[in-house]
Each structure stands twice: as structure tokens, then as C-alpha cells.
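Here's a quick briefing on how the two parts of this chain meet. Have a look at the model first, then we'll go through the contact between them.

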Amino acid sequence: MISINDIDKPFIDKLFEKTDDIIKRGGSKGKCRLNIHSDKILVNAFFEPSTRTQLSFESAMKSLGGSVINFNAYTSSLKKGESFKDTIKTLSIYGDIIVLRHPQTGSAKEANEYSDVPVINGGDGSNEHPTQALLDLYTIYKSFDNNLNTVNTILFVGDCNNSRTIRSLIKLLHLYPHISIYFLPYSGCNPSEDMLHSISHKQNIQTNILDKNQPIPYHLFDVIYCTRLQKERIYTMKQQDRSRTDIVITKEILNKCKNNVIIMHPLPRIDEISTEIDNEPNSVYFKQMEYGVKIRMALLDLLLSR
Ligand code: NCD
């Protein structure tokens with residue numbers, strides 16, 4: 001799984017059904033342990049920092065009865081000058097599936113060409129993060145009574161230029177054209193031309209970019225999806241000067257929203273959402289994390305059973 005482009009609606013339906021089943025089997029403790037892939041090894045190959053993606057894949061694989069190898073780019077033969085190609089070839093011999101995170105756009109696609117086993121894109125630069133989009137969509141689906149038809153609007157707040165989670169989720173939302181997409185970008189973080197083009201193509205309307213200096217119609221949105229400033233992807237000094245986290249979701253803002261709005265964040269959070277709303281029922285960012293393990297269990301099961 002390299003890109004959301006590889007995914008269609010029947011696949012999502014199958015994945016969500018399987019995820020629902022895993023959650024049901026977990027019972028009240030929420031921990032589902034199956035022993036269905038004890039002959040399989042997952043290789044985590046993370047060339048960039050990660051907490052949730054790496055550890056949730058490890059937790060998911062172990063919950064399916066499988067084993068995990070964690071490749072460490074910093075202590076590997078890459079340091080001796082070994083190529084990316086030979087590294088991936090090696091990892092594909094040691095495991096049955098690879099999860100790759102890498103700072104370069106296109107790296108997952110490239111790895112897939114070198115690997116003899118399936119590669120899952122765990123984030124390639126500012127390009128894509130398909131499994132995060134799947135768990136995000138699943139969180140929206142569960143929060144609205146298993147019915148995406150009742151969701152009409154989503155607001156993306158933050159670094160709309162460099163966030164791969166926004167990019168992948170928008171691509172996934174192409175399959176649900178009744179959902180209108182709005183942006184509320186930080187200074188210097190407007191959505192890129194290609195993102196805007198893909199949306200105007202989908203919705204056949206002018207894309208909605210809101211100006212943070214004007215009153216924001218918070219009451220319009222069903223979903224508010226926040227992201228952190230992707231400092232590591234802001235390359236020029238000029239851009240760094242212009243980019244700032246200048247919108248924080250507070251209790252005051254939440255009070256202006258629909259009663260059943262959900263506040264999402266792929267995490268890590270720095271200061272984009274005030275901790276004062278962490279315990280509100282609208283705040284689902286920790287729930288997203290929980291669903292992340294279950295979606296990844298379902299996904300690994302589907303890919304390893306092929
Ligand atoms: C995101 C990522 O790595 O793109 N985190 C994640 O996978 N949960 C978001 C981010 O780092 O800001």
C-alpha cells in the first residue's frame with residue numbers, strides 16, 4: 001500500500017468491516033489478541049522519527065500472533081554507504097511485509113520496486129501517509145454512527161502545505177464527494193496548488209480557504225482536523241520566517257462549534273489544541289490512536305492473507 005490512489009470503496013468497506021470485527025472480539029478491555037499470523041514477520045524500516053506509526057504497527061503485528069524486526073537506519077550499514085536499494089532488498093529477505101517511513105517523496109514507491117514482499121507506506125516526506133488517512137476516516141465513520149453520509153463538512157487547520165496526513169485524507173475523501181473541504185492555514189502554510197486542483201476537480205467548486213484574520217464560521221463544520229507545523233519540511237529561511245502556529249483550538253472556539261463536531265489530530269500535538277479540551281467528548285485524537293492499532297491489524301491481515 002503505497003498511496004491512497006491504490007484504494008477503492010469496496011476495499012474500505014472490507015477493511016472497516018474487519019476492523020469492527022477486531023474491536024468486537026476485543027470485548028470490554030478493547031485488546032484483541034489473535035494467533036493467525038504466527039508464521040509471519042513484519043519489518044519496521046523507519047528512516048524518520050515516529051512514535052505512533054511504528055509502535056502501532058508493532059502492536060498490531062504482535063496482536064495477530066506475528067513477529068517484528070525493527071530496522072535502525074542510524075546503526076545500519078547505510079552508515080557505511082550501502083544503497084537504499086540493497087538495504088530494502090535485504091529487509092525483504094528477512095521479513096514478509098515492510099513498513100517504510102522515509103523523508104523523501106516517492107521513497108515508498110521506489111522501495112516497492114526493490115522489495116520481494118509488500119511495502120506499506122508509513123509516510124514519505126510531505127507526500128502521503130495512507131494508513132493514517134484510513135484510521136482518520138474510520139474515526140470519522142465511528143464518530144458519526146457508522147454513516148459517512150451524515151458528514152458534510154471538514155475543516156483542515158494548520159500546515160496545509162506540508163502535511164502528508166492532510167494530503168492522504170483529502171485523496172481518500174475524493175471517494176465521498178458530498179463532503180466539502182475547507183482550509184484554515186497557519187501563516188505561510190496555504191495548501192499547495194496540486195491539492196487545490198484535485199479538490200476543485202472533485203467538487204467542481206472554488207476551494208474554501210478561510211482567512212484567520214476574518215471571523216471563522218466554526219458552526220459550519222462536522223469535523224475539525226488540526227495539524228502541527230511541519231518544521232522539518234520547511235526548507236528555506238524565507239518560508240521559516242513566514243510559517244507560524246497561529247491558530248489554537250481552545251474551549252472558547254469549541255463553544256462556537258456544532259454540538260457534535262469532532263476535533264481530530266494525527267498527533268504529535270505541540271500546541272495546536274489546548275489541553276483544556278482533552279476530556280471533552282468532541283476530542284477524538286486519542287481515540288484515533290486506539291483505532292490506529294485496530295485498522296493496522298485489519299490491514300496487515302488483509303495483506304498477509306493474499
Ligand atoms: C504524522 C506524520 O508523521 O506525518 N504523525 C503520525 O504519523 N501520527 C503527523 C506529524 O508528524 O505531524
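This is a predicted model: local features need pLDDT of at least 70, side-chain atom pairs count only at pLDDT 80 or more; totals for chains, interfaces and linings use all residues.

For orientation, domain 1 covers 4-129 + 289-304, while domain 2 runs over 130-286.

**Polar links**
- Four salt bridges turn up across the interface of domain 1 and domain 2.
- Polar contacts across that interface come to 18 residue pairs, with both residues at pLDDT 80 or more.

**What domain 1 brings to the contact**
- Helix 1 (9-26), helix 2 (52-63) and helix 10 (285-304) each give two or more residues to the side of domain 1 that touches domain 2, and so do strand 3 (97-102) and strand 4 (119-124).
- Sorted by class, that side of domain 1 has 13 nonpolar residues, along with ten polar and ten charged ones.

**Layout and residue counts**
- Taken over C-alpha atoms, the centres of domain 1 and domain 2 lie 25 Å apart.
- Domain 1 puts 33 residues into the contact, and domain 2 puts in 27.

**Buried area**
- About 2700 Å² is buried between domain 1 and domain 2, and carbon and sulfur atoms give 61% of that.
- Which residues of domain 1 lose the most area to domain 2? They are I4, F16 and H129, and together they make up 25% of what the domain 1 side buries.

How values were computed. Residues are numbered from 1 along each chain as its sequence is written. Side-chain values use heavy atoms; hydrogens and water are left out. Domain bounds come from an automatic or database domain assignment. Contact means heavy atoms within 4.5 Å. Buried area is the accessible area (1.4 Å probe) that two parts lose on being put together, summed over both. A salt bridge is a side-chain nitrogen of Lys or Arg within 4 Å of a carboxyl oxygen of Asp or Glu. A polar contact is a pair of N or O atoms within 3.5 Å; within protein, one must be able to donate a hydrogen and the other to accept it, and residues adjacent in sequence count only if both atoms are side-chain atoms. Helices (H or I, at least four residues) and strands (E, at least two) are DSSP runs, numbered from the N terminus. Ala, Val, Leu, Ile, Met, Phe, Trp, Tyr, Cys and Pro count as nonpolar, Asp, Glu, Lys and Arg as charged, and the others, Gly among them, as polar.
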